[in-house]
Amino acid sequence: MSYVRFSGSTGPHPYVSDVYILDSSACPGERPLECCDCQLARAASTDPFPCFDLAGMIAHLAEHQAAGHVVPDFVEKRLRADPPAPRWQFIR
Ligand SMILES: [Zn+2]
């Protein structure tokens, strides 16, 4: 499930976002949230699909905002209201 996807002023979604956050079965169990195609990671030449736990992702989103990237206001609320499912619920 995605919490937010990339979107510009002309769409494809009714918001602007420079981040794409999802809970990913490709991430390890204790860090189930992925920052997909992360601009910060690309700039640092690290894995462009870094994984975080909830607190780590919220801190990571603050880093995006500090870098001038657009992160919609609803993302943190959505993450806190519907945190990623325990890894055992994923079917691989
Ligand atoms: Zn990121």
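**Legends to close-up views of a predicted model**

**View 1. Q39 in helix α1.** Q39 lies in helix α1, which covers residues 39–43. Helices here are DSSP runs of H or I with at least four residues, strands are runs of E with at least two, and both are numbered from the N terminus. The model is predicted: local features need pLDDT of at least 70, side-chain atom pairs count only at pLDDT 80 or more, and totals for chains, interfaces and linings use all residues. Residue numbers start from 1 along each chain as its sequence is written. Q39 counts as partly exposed, because it has 14 C-beta neighbours inside 10 Å. A residue is buried with 20 or more other C-beta atoms within 10 Å of its own, exposed with 12 or fewer, and partly exposed in between, with C-beta atoms placed from the backbone. Leaving aside neighbours within four places in sequence, Q39 is in contact with D18 and H69; contact means that C-beta atoms, placed from the backbone, lie within 7 Å. Q39 and H69 are 30 residues apart in sequence, and their C-alpha atoms are 8.9 Å apart.

**View 2. A43 in helix α1.** A43 also belongs to helix α1. With 10 other C-beta atoms within 10 Å, A43 is exposed. P84 is 41 residues from A43 along the chain, and 27 Å separates their C-alpha atoms.

**View 3. Whole chain, for orientation.** Three helices and four strands make up the elements of the chain, in the order β-β-β-α-β-α-α from the N terminus. The radius of gyration is 13 Å, close to the 12 Å that the globule rule gives for 92 residues, so the chain is as compact as a globular protein of that length. The radius is taken over C-alpha atoms, and the rule is 2.2 Å times the number of residues to the power 0.38. The C-alpha trace spans about 35 × 30 × 20 Å along its principal axes. Buried residues account for 22% of the 92.

**View 4. The largest nonpolar core.** This core has 13 residues, and V19, I21, L33 and M57 have the most contacts inside it. Two or more residues come from each of β1 (2–4), β3 (33–35), β4 (51–52) and α2 (54–66). A nonpolar core is a set of buried Ala, Val, Leu, Ile, Met, Phe, Trp, Tyr and Cys residues joined through C-beta atoms within 7 Å. Not counting residues up to four places away in sequence, V19 touches V4, C35, L61, H64, H69 and V71.

**View 5. Helices α2 and α3.** The axes of α2 and α3 (residues 74–81) come within 11 Å and cross at roughly 180°. That makes α2 roughly antiparallel to α3. The contact is formed by L54, M57, I58 and L61 of α2 with V75, E76 and L79 of α3.

View 6. Most residues other than glycine have a negative phi, and most peptide bonds are trans. G11 and P12 are joined by a cis peptide bond, with omega about 15°; P12 sits in the loop between β1 and β2 (21–23). D37, in the loop between β3 and α1, has a positive phi near 55°. S45, in the loop between α1 and β4, has a positive phi near 55°. D37 is exposed, with 12 other C-beta atoms within 10 Å, and S45 is exposed, with 7.

Methods
Two residues are in contact if their C-beta atoms, placed from the backbone, lie within 7 Å. Axes are lines fitted to C-alpha atoms, for helices over the stretch in contact, and angles run from 0 to 180 degrees between N-to-C directions. Angles under 35 degrees count as roughly parallel, over 145 as roughly antiparallel, 65 to 115 as roughly perpendicular and the rest as oblique.
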